[in-house]
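Visitor: Hi, I'd like a quick tour of this protein model. Can you walk me through it?

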Amino acid sequence: MPLIRVLPFYMLLLAACSTPPDTTALDGDFDAGPDCRDACAAGYRWALEEEHTDPVKCRGEEEFARGCRKAVDFQKPFGS
């Protein structure tokens, strides 16, 4: 069989076997843990994106603030 007739088959086979691109490459940086989901994870993500290192910026007692404080603790594990 000529190569020109088989080439489309091989291209479809390669496309079907390939994995989609990883568009959530940064999600590994935003893993707040299994006990922090939804609003807590949003606060965690926000604090990391804004590079907050002061827990004072994480006001409140709701889940968003808890996630923010977790991110600050993650960025400054020794409190310095």
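**Cysteines, core and charges**

Guide: Let's start with two cysteines: Cys58 is buried, and Cys68 is buried too. Buried means under 20% relative accessible area, exposed means over 50%, and partly exposed is in between, with a 1.4 Å probe and protein chains only.

Visitor: Before we go on, what kind of model is this?

Guide: This is a predicted model: local features need pLDDT of at least 70, side-chain atom pairs count only at pLDDT 80 or more, and totals for chains, interfaces and linings use all residues. Residues are numbered from 1 along each chain as its sequence is written, and side-chain values use heavy atoms, with hydrogens and water left out.

Visitor: Back to the cysteines. How far apart are the sulfur atoms of Cys58 and Cys68?

Guide: They are 1.9 Å apart, and the two residues form a disulfide. The cut-off for a disulfide is a pair of cysteine sulfur atoms within 2.5 Å. The pair links distant parts of the chain: Cys58 is in the loop between H2 and H3, Cys68 is in helix H3, and they are ten residues apart.

Visitor: Is the link of Cys58 and Cys68 left-handed or right-handed?

Guide: Left-handed, with -55° about the S-S bond.

Visitor: How many disulfides does a search of the whole structure find?

Guide: Two. Cys36 and Cys40 form a disulfide as well, with sulfur atoms 1.8 Å apart. The torsion about the S-S bond of Cys36 and Cys40 is about -105°, so this disulfide is left-handed. Number the bonded cysteines in sequence order and the pairing reads 1-2, 3-4.

Visitor: Cys36: buried or exposed?

Guide: Buried, because its relative accessible area is 1%. Cys40 has 0%, so Cys40 is buried.

Visitor: Which residues make up the largest nonpolar core?

Guide: There are ten: Ala32, Cys36, Cys40, Tyr44, Ala47, Leu48, Cys58, Cys68, Ala71 and Val72. Helix H2 (39-50) and helix H3 (63-75) are the elements that give two or more residues to this core. H2 gives the most, with four residues. By definition, a nonpolar core is a set of buried Ala, Val, Leu, Ile, Met, Phe, Trp, Tyr and Cys residues joined through side-chain atoms within 4.5 Å. Helices here are DSSP runs (H or I, at least four residues), numbered from the N terminus.

Visitor: What does Cys58 touch?

Guide: Ala65, Cys68, Arg69 and Val72, leaving out residues up to four places away in sequence. Contact means heavy atoms within 4.5 Å.

Visitor: New topic. Where does Phe74 lie?

Guide: Phe74 lies in helix H3. Its relative accessible area is 53%, so Phe74 is exposed. Phe74 touches Tyr44 and Leu48, not counting residues up to four places away in sequence. The C-alpha atoms of Phe74 and Leu48 are separated by 9.0 Å, and these residues are 26 apart along the chain.

Visitor: Now the charges. How many salt bridges does a search of the whole structure find?

Guide: Three. A salt bridge needs a side-chain nitrogen of Lys or Arg within 4 Å of a carboxyl oxygen of Asp or Glu.

Visitor: Which residues are linked in a network of salt bridges?

Guide: Asp35, Glu63, Arg66 and Lys70. Asp35 pairs with Lys70, the closest N and O atoms being 3.1 Å apart. That pair links distant parts of the chain: Asp35 is in the loop between H1 and H2, Lys70 is in helix H3, and they are 35 residues apart. Asp35 also forms a salt bridge with Arg66, at 3.8 Å between the closest N and O atoms.

Visitor: And how far apart are the closest N and O atoms of Glu63 and Arg66?

Guide: They are 2.8 Å apart, in a salt bridge. Glu63 and Arg66 both lie in helix H3, three residues apart, about one turn of the helix.

Visitor: Is Glu63 buried or partly exposed?

Guide: Glu63 is partly exposed, because its relative accessibility is 38%. Asp35 is partly exposed too, at 47%.
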